[in-house]
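Visitor: Could you walk me through this protein, one question at a time? I am new to reading structures.

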Amino acid sequence: MTDADIPTVRVLDADGRFAPNPAAEEYLPLIEALPDGDLEQFYRDMVVIRAIDTQATNLQRQGQLALWPPSRGQEAAQVGSARAARPQDTIFPSYREHAVTRIRGVDPVDIIKLMRGTSNSGWDPTDPRNGNTRVYTLVLGSQTLHATGLAMGLVFDGKCGSGDVDRDQAVMVYYGDGASSQGDVHEAMVFAASYQTPEVFFLQNNHWAISVPVKTQSRVPLVQRGTGYGIESIRVDGNDVLASWAVTRRALDEARTGDGPRAIEAVTYRMGAHTTSDDPTKYRGSDEEQEWSLRDPIARMRAFLENRGAAGSVFADVEAEAADAAEDLRVRTLELVSPTAEAIFDNVYSDPHPLMAEQKAWQAQYEASFQEGDR
């Protein structure tokens, strides 16, 4: 089966017109029930996170961060799916889910701390303010095993499957097309299918695993990988925030009520570099980028809202909020203080450890051996 044979759920066309395709018909009741406030919030989320993302990229270029993974172009996939999750759900991001983490309550500066090297994990996943959001991982695909393990625990503890969507819990894990080739992902799917976990595997297919295109990674559409394990799989237009929301909301609710895991392939595009250490001009052409720029998720949603009669003040307010958020990120980044050397030893184990105490004492003695000004 080729890509052309796979139905893709799409609600908005590239020009922002409400034009559901046949695959989207079953999701229309969900979408049509959305109030105007929610539709405008989707747009707000995408615009604000893009401003934050751009500011973080600039900060890295100015030497304030060691690394930054841009998310430009993937806003609809992330915003739609994150808004579809319920408060009791647990989220396992990869390392590019800036919109997801912000929606769940994580302070963007906590991501900055991680990329700046002033924090080991960025934020405390057990803090209720962070919305059950686990920390970023740079080990490709490992988060899928963690997610499946937690989802299995929900099954064992009876925290899902009652039919009460406001109480039952679910898990959603994000990964990319490159990570989909990792063994961890496939092992996670084996256990998820075997134990019928309340879990959604959310694959953001942005077409490039650093410099390797999807067509090299897989001879079949990526959405079929989940199907091969007996996991119901859906492909969605990842640049359509309405489709992303509706598909994810239904998938999560079906998983949480005991119907087993679901897999979603959100077809999107990474407009920028893989990270700020990457140069995409070395492996892809500008024609491809220009083609995908015409499908920009923010422009598409703005056109949709304008066609619905949204007031100009809505867009002006969003632009002002985005500018303020970007400036706030910059100011607070520049105010960050580097941790002391002792923090290296303090955060290795959760409890005091004699080996760490010994190494910490050696470090202090070593530092003290230098004369004034010799360091």
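Visitor: Is Asn 21 buried, partly exposed or exposed?

Guide: Buried means under 20% relative accessible area, exposed means over 50%, and partly exposed lies in between (1.4 Å probe, protein chains only). Asn 21 has 16% relative accessibility, so Asn 21 counts as buried.

Visitor: What kind of model am I looking at, and how are residues numbered?

Guide: Residues are numbered from 1 along each chain as its sequence is written, and side-chain values use heavy atoms, with hydrogens and water left out. Local features need pLDDT of at least 70, side-chain atom pairs count only at pLDDT 80 or more, totals for chains, interfaces and linings use all residues, and the model is predicted.

Visitor: Where is Asn 21 found, and which residues is Asn 21 in contact with?

Guide: Helices (H or I, at least four residues) and strands (E, at least two) are DSSP runs, numbered from the N terminus. Asn 21 sits in the loop that runs from β1 (8–9) to α1 (28–32). Contact means heavy atoms within 4.5 Å. Setting aside neighbours within four places in sequence, the contacts of Asn 21 are Thr 8, Val 9 and Arg 10.

Visitor: Does the radius of gyration of the protein chain agree or disagree with a compact globule?

Guide: The radius of gyration is taken over C-alpha atoms, and the globule rule is 2.2 Å times the number of residues to the power 0.38. For 375 residues, a compact globule would be near 21 Å; the protein chain has 22 Å, so the two agree.

Visitor: How much of the protein chain is buried?

Guide: The protein chain has 15 helices and eight strands. Among its 375 residues, the buried share is 51%.

Visitor: Which residues have the most contacts inside the largest nonpolar core, and which helix gives the most to this core?

Guide: A nonpolar core is a set of buried Ala, Val, Leu, Ile, Met, Phe, Trp, Tyr and Cys residues joined through side-chain atoms within 4.5 Å. The largest one has 66 residues, and Leu 242 and Met 301 have the most contacts inside it. The helix that gives the most to this core, with 11 residues, is α2 (residues 36–61).

Visitor: Which residues does Leu 242 touch?

Guide: Residues up to four places away in sequence are not counted here. Leu 242 then touches Val 11, Leu 12, Ile 31, Leu 34, Leu 39, Phe 42, Met 301 and Phe 304.

Visitor: Is Thr 133 buried or exposed?

Guide: Thr 133 belongs to the loop between α5 (108–116) and α6 (142–156). Beyond its neighbours within four places in sequence, Thr 133 has contacts including Ile 91, Trp 123 and Pro 125. Its relative accessibility is 0%, so Thr 133 is buried.

Visitor: What is phi of Asn 132?

Guide: Most residues other than glycine have a negative phi. Asn 132 lies in the loop between α5 and α6 and is partly exposed, with a relative accessible area of 29%. Asn 132 is not a glycine, yet its phi is positive, near 55°.

Visitor: What is phi of Gln 196?

Guide: Gln 196 is in the loop between α7 (183–195) and β4 (199–205), and at 38% relative accessibility Gln 196 counts as partly exposed. Although Gln 196 is not a glycine, its phi is positive, about 50°.

Visitor: How far apart in space are Gly 228 and Tyr 27?

Guide: Gly 228 lies in helix α9 (residues 223–228) and is exposed, with a relative accessible area of 68%. Gly 228 and Tyr 27 are 201 residues apart in sequence, and their C-alpha to C-alpha distance is 24 Å.
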